[in-house]
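Here is a short report for a first look at this structure. Take a moment with the sequence and the 3D view before reading on.

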Amino acid sequence: MTEVQEFQIGQMVNVKSVCTNKHHRVPFYLKGKIGKVTEYLGLVENPESAAYSKYNLDVYPLYRVCFKQTSLWGGEQNGEIYADLAGKWLFEVEV
Amino acid sequence: MRDDRKSMIEPQSGGRLAHDLGGFLEHLLCHGIDVSISKEETLKQPYEERTDALLLLLSAAGRGLLNVHAMRRASEQFNHEDYLKLSYYDRWLRAMVALCIEEGIFSEEEWLVKRQQVKRQSEAIQRRKSD
């Protein structure tokens, strides 16, 4: 398996706004939000398929993404939230 | 009234599974769901240790019948009210039962029969103790 890093450090990304009742590793409050990639964490075991199979071999690329508190909850609070998200849940923001 | 409330908090209501509660507080409160956190120290109960042991056995490497990701998946399917009402180990237990039934280790009917049996036995023991 070749390692493909789809997003670059510093790049702005949008979290897919997909609702599913299958096991997935994206909290609702981040869906549809825009953040900045701060780190590429490499390939990790894909828990979204491991949750359905004890013989899971699938992996996915993981990114650390930084979100401004204000962009998630509104208001004027300072600070950021960092979330580790799979590439499959992100797409590039057109600048 | 109650049914109406239930339907509002089923998984998928507003696109959220049972565990996915970030920023959801007001919604839960306005449906009368208790979200308070008890600050009382709770005593460890024997069944909690057994629950832990059962999970270790079921998820043992090599012949593991379930894994932590599947456990999470199973508990996320509860409705919000059950998810918040159940204790930590009760969530584990319920998730393990769901996964064992899914894996065909026992059927739902066998589970219900066994549960009744154990319940009757423990009631009988309680009665003898109080006599």
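## A helix in chain B

Helix 6 of chain B covers residues 88–103 and has 16 residues. At 1.5 Å a residue it should span 22 Å, and its end C-alpha atoms are 23 Å apart, which agrees. Keep in mind that this is a predicted model.

Which residues of helix 6 of chain B are buried? They are Trp92(B), Ala95(B), Met96(B), Val97(B), Leu99(B) and Cys100(B). Their cover comes from several parts of chain B, including helix 3 (46–58), helix 4 (68–76) and helix 7 (108–130). Just past the end of helix 6, Gly104(B) adopts a positive phi of about 75°.

The side chain of Arg94(B) meets that of Asp82(B), with N to O at 3.4 Å. Arg94(B) sits in helix 6 of chain B, while Asp82(B) sits in helix 5 (residues 80–85) of chain B, so the pair ties together parts that are 12 residues apart in sequence.

Are the two partners buried or partly exposed? Arg94(B) has 39% relative accessibility, so it counts as partly exposed. Asp82(B) has a relative accessible area of 14%. Buried means under 20%, so Asp82(B) is buried.

## Chain A in outline

Now to chain A. Its secondary structure consists of 2 helices and 5 strands. Along the sequence they follow the pattern β-β-α-β-α-β-β. The C-alpha trace of chain A spans about 45 × 30 × 20 Å along its principal axes.

Chain A has 95 residues, and 40% of them count as buried. Consider the contacts in chain A with a separation of 6 or more: 54% of these come from residues 24 or more positions apart.

## Surface and charge of chain A

Chain A carries 10 positive and 11 negative side chains. The centres of the two sets lie 7 Å apart.

## Salt bridges between strands

How many salt bridges does the structure hold over all chains? There are 9. One of them joins the side chains of Glu39(A) and Arg64(A), at 3.6 Å from N to O. Glu39(A) belongs to strand 2 (residues 34–45) of chain A and Arg64(A) to strand 3 (residues 59–68) of chain A, so this pair ties together parts that are 25 residues apart in sequence. Glu39(A) is partly exposed, at 35% relative accessibility. Arg64(A) is partly exposed too, at 26% relative accessibility.

Strand 3 of chain A has another link to follow. The side chains of Lys68(A) and Glu80(A) form a salt bridge, with 3.9 Å from N to O. Lys68(A) lies in strand 3 of chain A and Glu80(A) in strand 4 (residues 80–86) of chain A, so the pair ties together parts that are 12 residues apart in sequence. Glu80(A) has a relative accessible area of 39% and is partly exposed.

## A network in chain A

Which residues are linked in a network of salt bridges? Glu39(A), Arg64(A) and Asp84(A) are. The pair of Glu39(A) and Arg64(A), at 3.6 Å from N to O, is the salt bridge described above.

How values were computed. Residues are numbered from 1 along each chain as its sequence is written. Chains are lettered from A and ligands numbered from 1 in the order in which they are written. This is a predicted model: local features need pLDDT of at least 70, side-chain atom pairs count only at pLDDT 80 or more; totals for chains, interfaces and linings use all residues. Side-chain values use heavy atoms; hydrogens and water are left out. Helices (H or I, at least four residues) and strands (E, at least two) are DSSP runs, numbered from the N terminus. Buried means under 20% relative accessible area, exposed over 50%, partly exposed in between (1.4 Å probe, protein chains only). Contact means heavy atoms within 4.5 Å. Lys and Arg count as positive and Asp and Glu as negative; His and the chain ends are not counted. The place of a charge is taken as NZ of Lys, CZ of Arg, CG of Asp or CD of Glu. The expected span of a helix is 1.5 Å times one less than its number of residues. A salt bridge is a side-chain nitrogen of Lys or Arg within 4 Å of a carboxyl oxygen of Asp or Glu.
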